[in-house]
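Subject: Structure for you to look at

Hello,

I am handing over the structure below. My notes on what was found follow it.

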Amino acid sequence: MSRFTLLRTARVTRTQKVAAAVLVAAGATGALTAAATPGNTQPAASHAPTAVKPVSANGLPKVLTGEATTAEAKPAEVAASIADGLKVTAVAKQDRAAQQAANRSMERASLAPKAAPKAAPKAAPKLYANNLDGWIRQSLDIMKNKGIPGSYEGLHRNIMRESSGNPNAVNDWDINAINGIPSKGLLQVIQPTFDTYHVKGTAHKLTDPVANITAAANYAAHRYGSIDNVNSAY
């Protein structure tokens with residue numbers, strides 16, 4: 001072999017070594033070899049790089065320069081991204097499950113029998129004074145409830161004429177007394193009349209003030225239209 005040929009071969013070899021060093025710095029994983037024959041500077045197909053990492057324009061791996069795509073990212077970063085996605089999916093499933101549970105609770109509540117409304121508390125019984133005014137007012141409330149006509153003035157006027165407001169007054173001289181059924185009470189009612197026109201809810205006692213007034217007013221309503229129309233013995 002001539003000296004010229006040897007020099008040419010040496011230059012080719014040095015060129016190949018420099019090229020291989022550049023590829024190794026860029027992340028090449030396979031060794032690059034060239035044919036030994038002078039003039040043949042292309043690497044053999046069987047010795048081509050097998051897993052060259054993506055590099056940027058300056059020759060550094062893209063994962064170091066921030067230029068790497070999702071497919072070129074580090075395995076740890078990809079794993080972290082997948083883990084985050086799984087966490088988001090799990091949270092979304094939990095939210096859906098919670099919403100479904102809330103919906104089921106609302107449905108059960110809507111189907112549950114509703115409690116009956118509480119009855120309104122009964123009004124406290126009305127109190128009346130234990131005197132002529134209180135007896136008349138209590139009698140008027142009973143008369144109103146039973147549909148018996150009469151006014152405070154009509155009752156008071158007839159009471160004062162018949163008994164002067166004494167609930168125990170007894171007439172022992174008129175025809176009724178002669179017949180053994182004397183008139184008694186505030187409105188001087190005989191026993192048969194009281195028994196016939198007694199108003200339910202009042203005492204069954206002839207001289208009871210309220211019972212005496214309401215029975216007399218009931219009798220007057222049937223015979224005269226109202227106690228208000230009575231202005232004399234009745």
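I start with helix H4, residues 132–146. At 1.5 Å a residue, its 15 residues should span 21 Å, and its end C-alpha atoms are 21 Å apart, which agrees. The expected span is 1.5 Å times one less than the number of residues in the helix. Helices (H or I, at least four residues) and strands (E, at least two) are DSSP runs, numbered from the N terminus.

This is a predicted model, in which local features need pLDDT of at least 70 and side-chain atom pairs count only at pLDDT 80 or more, while totals for chains, interfaces and linings use all residues. Residues are numbered from 1 along each chain as its sequence is written, and side-chain values use heavy atoms, with hydrogens and water left out.

At the start of H4, a side-chain oxygen of Asn-131 comes to within 3.3 Å of the backbone nitrogen of Asp-133. After the helix comes Gly-147, with a positive phi near 80°. The buried residues of H4 (buried means under 20% relative accessible area, with a 1.4 Å probe and protein chains only) are Leu-132, Gly-134, Trp-135, Ile-136, Ser-139, Leu-140, Ile-142 and Met-143. They pack against helix H5 (152–162) and helix H8 (209–224).

H5 has Gly-154, Leu-155, Asn-158 and Ile-159 as its buried residues. These cover an arc of only 125° around the axis, which puts them on the same side of H5; the arc is that of the directions from the helix axis to the C-beta atoms. They pack against H4 and H8. H5 is followed by Ser-164, whose phi is positive, near 60°.

Leaving out residues up to four places away in sequence, Tyr-234 touches Arg-161, Glu-162, Leu-187, Val-189, Ala-216, Tyr-219, Arg-223 and Tyr-224. Contact means heavy atoms within 4.5 Å.

As for the whole chain, there are 8 helices and 0 strands. Buried residues make up 24% of its 234 residues. Among contacts between residues at least 6 apart in sequence, 43% join residues at least 24 apart.

Regards

Conventions: Buried means under 20% relative accessible area, exposed over 50%, partly exposed in between (1.4 Å probe, protein chains only). A polar contact is a pair of N or O atoms within 3.5 Å; within protein, one must be able to donate a hydrogen and the other to accept it, and residues adjacent in sequence count only if both atoms are side-chain atoms.
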